[in-house]
Amino acid sequence: MSKKLKTILIIIGILILGGVIAGPKIKDYMVNNMGKRDLQSEDPAFTLNAKDFVAEFTSKEAEANKKYLEKPVVISGVIASINDKEVILDNVVVCGFTAANASLKVGQTVSVKGRVVGFDDLMGSVNMDQCSINK
């Protein structure tokens, strides 16, 4: 093999390795710095109640992650607690709102639209952000 061909193959290998290493970081940078999605204008991918939603993560977390992560969903449930911009539905879905909503009350049944960001297996809850009351 000629020296020129070896050099080209090494450069291609380095570029591929760099793409594999830097790819996820570039995606995170773009998501965090290129502006948030306008989640409220998107149609929900799924509409469920809070307990059924969390049951999917509890029974088959890997499959539920593939199905729901980063997707807009509408979750219905009873408000168990409110802490400033955080609302917890049925003690199992944690909804992070962009602003506090004084009209919400503990015990109220609501439908919340938000983006699924992950399952906390220690607490047994699903976390959502960019939440708003679904009308």
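## Salt bridges, core and surface of a predicted model

At 13% relative accessibility, Arg115 counts as buried, where buried means under 20% relative accessible area, exposed over 50% and partly exposed in between (1.4 Å probe, protein chains only). The model is predicted: local features need pLDDT of at least 70, side-chain atom pairs count only at pLDDT 80 or more, and totals for chains, interfaces and linings use all residues. Residues are numbered from 1 along each chain as its sequence is written, and side-chain values use heavy atoms, with hydrogens and water left out.

The protein has 3 helices and 6 strands, taken as DSSP runs numbered from the N terminus (helices H or I, at least four residues; strands E, at least two). From the N terminus on, their order is α-β-α-α-β-β-β-β-β. Of the 135 residues, 28% count as buried.

Side chains of opposite charge can pair when their charged atoms come close. A search of the whole structure finds 3 salt bridges, each a side-chain nitrogen of Lys or Arg within 4 Å of a carboxyl oxygen of Asp or Glu. They are listed below.

| Pair | N to O distance |
|---|---|
| Lys67 and Glu56 | 3.2 Å |
| Glu70 and Arg115 | 2.6 Å |
| Asp129 and Arg115 | 2.5 Å |

Asp129 lies in strand β6 and Arg115 in strand β5, so this pair ties together parts that are 14 residues apart in sequence. Salt bridges that share partners join Glu70, Arg115 and Asp129 into one network. Asp129 is partly exposed at 22% relative accessibility, and Glu70 is partly exposed at 38%. Because Glu70 lies in the loop between α3 and β2 and Arg115 in strand β5, their bridge links parts that are 45 residues apart in sequence.

In the bridge between Lys67 and Glu56, Lys67 belongs to helix α3 and Glu56 to helix α2, so the pair ties together parts that are 11 residues apart in sequence. Both residues are partly exposed, Lys67 at 32% relative accessibility and Glu56 at 25%.

Gln40 is found in the loop between α1 and β1 (46-49) and is partly exposed, with a relative accessible area of 36%. Its side chain makes a polar contact of 2.5 Å with the side chain of Ser132, a residue of strand β6. A polar contact is a pair of N or O atoms within 3.5 Å; within protein, one must be able to donate a hydrogen and the other to accept it, and residues adjacent in sequence count only if both atoms are side-chain atoms. A polar atom of the Gln40 side chain also lies 3.1 Å from the backbone oxygen of Gln130. Gln40 and Cys131 are 91 residues apart in sequence, yet 8.5 Å apart in space, C-alpha to C-alpha.

The largest nonpolar core has 24 residues, and those with the most contacts inside it are Phe53, Ile75, Leu89 and Val93. Such a core is a set of buried Ala, Val, Leu, Ile, Met, Phe, Trp, Tyr and Cys residues joined through side-chain atoms within 4.5 Å. Among the elements that give two or more residues to this core are α2 (50-59), β2 (72-83) and β5 (109-120). Leaving aside neighbours within four places in sequence, Phe53 is in contact (heavy atoms within 4.5 Å) with residues including Tyr68, Ile75, Val93 and Met128.

Ile16, in helix α1 (residues 3-33), counts as exposed at 54% relative accessibility.
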